[in-house]
Amino acid sequence: MKPYWLTINTHKDHRGSLSFLEKSNGLPFDVKRIYYLYDVPITHTRGHHSHHELEQVFICLNGSFEISLHDGVVNRTFYLNDPARALFVPKRTWRVLENFAHNTVCLVLASHEYSEEDYIRDFTLFLENKKNDK
Ligand code: TYD
């Protein structure tokens with residue numbers, strides 16, 4: 001699987017905007033957990049890990065940031081700044097989140113509950129695993 005953008009259905013009128021994602025309409029997995037990132041200092045980066053099984057959808061609710069996704073061969077950087085757009089991040093993808101604007105809030109939908117065993121936090125090990133699994 002590759003990362004891809006999901007367009008979130010959005011209802012806009014003079015009262016404002018309402019965006020929604022549902023399983024039957026684009027959400028690629030059953031959501032088992034949500035978490036959100038906020039108060040990230042602009043000088044700091046997050047992520048620097050991969051997951052064995054976890055799939056995620058990232059939605060930037062406010063502000064902006066960049067996420068670089070490495071599949072073991074290719075690294076691509078995505079810019080998130082729109083709450084009506086979501087980024088699907090497949091399992092076995094190394095991610096680095098950086099360049100957070102002030103007051104950025106990032107919502108993450110996750111396919112599994114939190115498990116530290118699902119993480120790979122060593123980039124060299126990540127690359128080795130990807131090479132061996134080819
Ligand atoms: P981590 O995933 O390493 O954060 P990031 O990739 O954004 O830098 O998580 C930071 C800490 O929070 C780590 O100790 C694990 C804990 N954590 C939970 O307990 N539950 C969760 O759902 C998440 C995402 C993290």
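A polar contact is taken here as a pair of N or O atoms within 3.5 Å, and the legends below describe close-up views of a predicted model.

**View 1. Polar contacts between the protein and oxygen atoms of the ligand.** In the side chain of Tyr119, an N or O atom lies 2.6 Å from an oxygen atom of the ligand, a separation that falls within the 3.5 Å cut-off. A polar side-chain atom of His49 is placed 3.3 Å from a ligand oxygen atom, whereas Gly47 contributes through its backbone, an N or O atom of which is 3.0 Å from an oxygen atom of the ligand. The ligand taken alone exposes 530 Å², and the protein buries 61% of that area.

**View 2. The shell of residues around the ligand.** The shell comprises Arg33, Tyr35, Leu37, Arg46, Gly47, His49, Tyr114, Tyr119 and Arg121, and by residue class it divides into four nonpolar, two polar and three charged members. At least two residues of this shell come from strand E4 (33-37), and at least two come from strand E5 (46-51).

**View 3. The cysteines Cys60 and Cys106.** The structure holds zero disulfides. For Cys60 the nearest cysteine sulfur is that of Cys106, at 6.2 Å, and because a disulfide requires two cysteine sulfur atoms within 2.5 Å, Cys60 is in no disulfide. Seen from the other residue, Cys106 is likewise in no disulfide, with the sulfur of Cys60 as its nearest cysteine sulfur, 6.2 Å away. Cys60 has a relative accessible area of 1% and is therefore buried, and Cys106, at 0% relative accessibility, also counts as buried.

**View 4. The hairpin of strands E2 and E3.** Strand E2 (residues 9-13) pairs with strand E3 (residues 16-20) in the antiparallel sense, over five bridges. The two strands form a hairpin, with two residues between them, and one of the pairings that can be followed in this view is that of Lys12, whose bridge partner in E3 is Ser17.

View 5. Five strands, in the order E8-E7-E10-E5-E12, form an open sheet in which the pairing is antiparallel. Strand E8 (75-80) and strand E12 (119-120) are the edge strands, each of them pairing on one side only.

Key: Residues are numbered from 1 along each chain as its sequence is written. This is a predicted model: local features need pLDDT of at least 70, side-chain atom pairs count only at pLDDT 80 or more; totals for chains, interfaces and linings use all residues. Side-chain values use heavy atoms; hydrogens and water are left out. A residue is near a molecule or strand if one of its heavy atoms lies within 4 Å of it. A polar contact is a pair of N or O atoms within 3.5 Å; within protein, one must be able to donate a hydrogen and the other to accept it, and residues adjacent in sequence count only if both atoms are side-chain atoms. Accessible areas come from the Shrake-Rupley method with a 1.4 Å probe; for residues, only the protein chains shown count as cover. Helices (H or I, at least four residues) and strands (E, at least two) are DSSP runs, numbered from the N terminus. Ala, Val, Leu, Ile, Met, Phe, Trp, Tyr, Cys and Pro count as nonpolar, Asp, Glu, Lys and Arg as charged, and the others, Gly among them, as polar. Buried means under 20% relative accessible area, exposed over 50%, partly exposed in between (1.4 Å probe, protein chains only). Two strands pair if DSSP finds at least two bridges between them.
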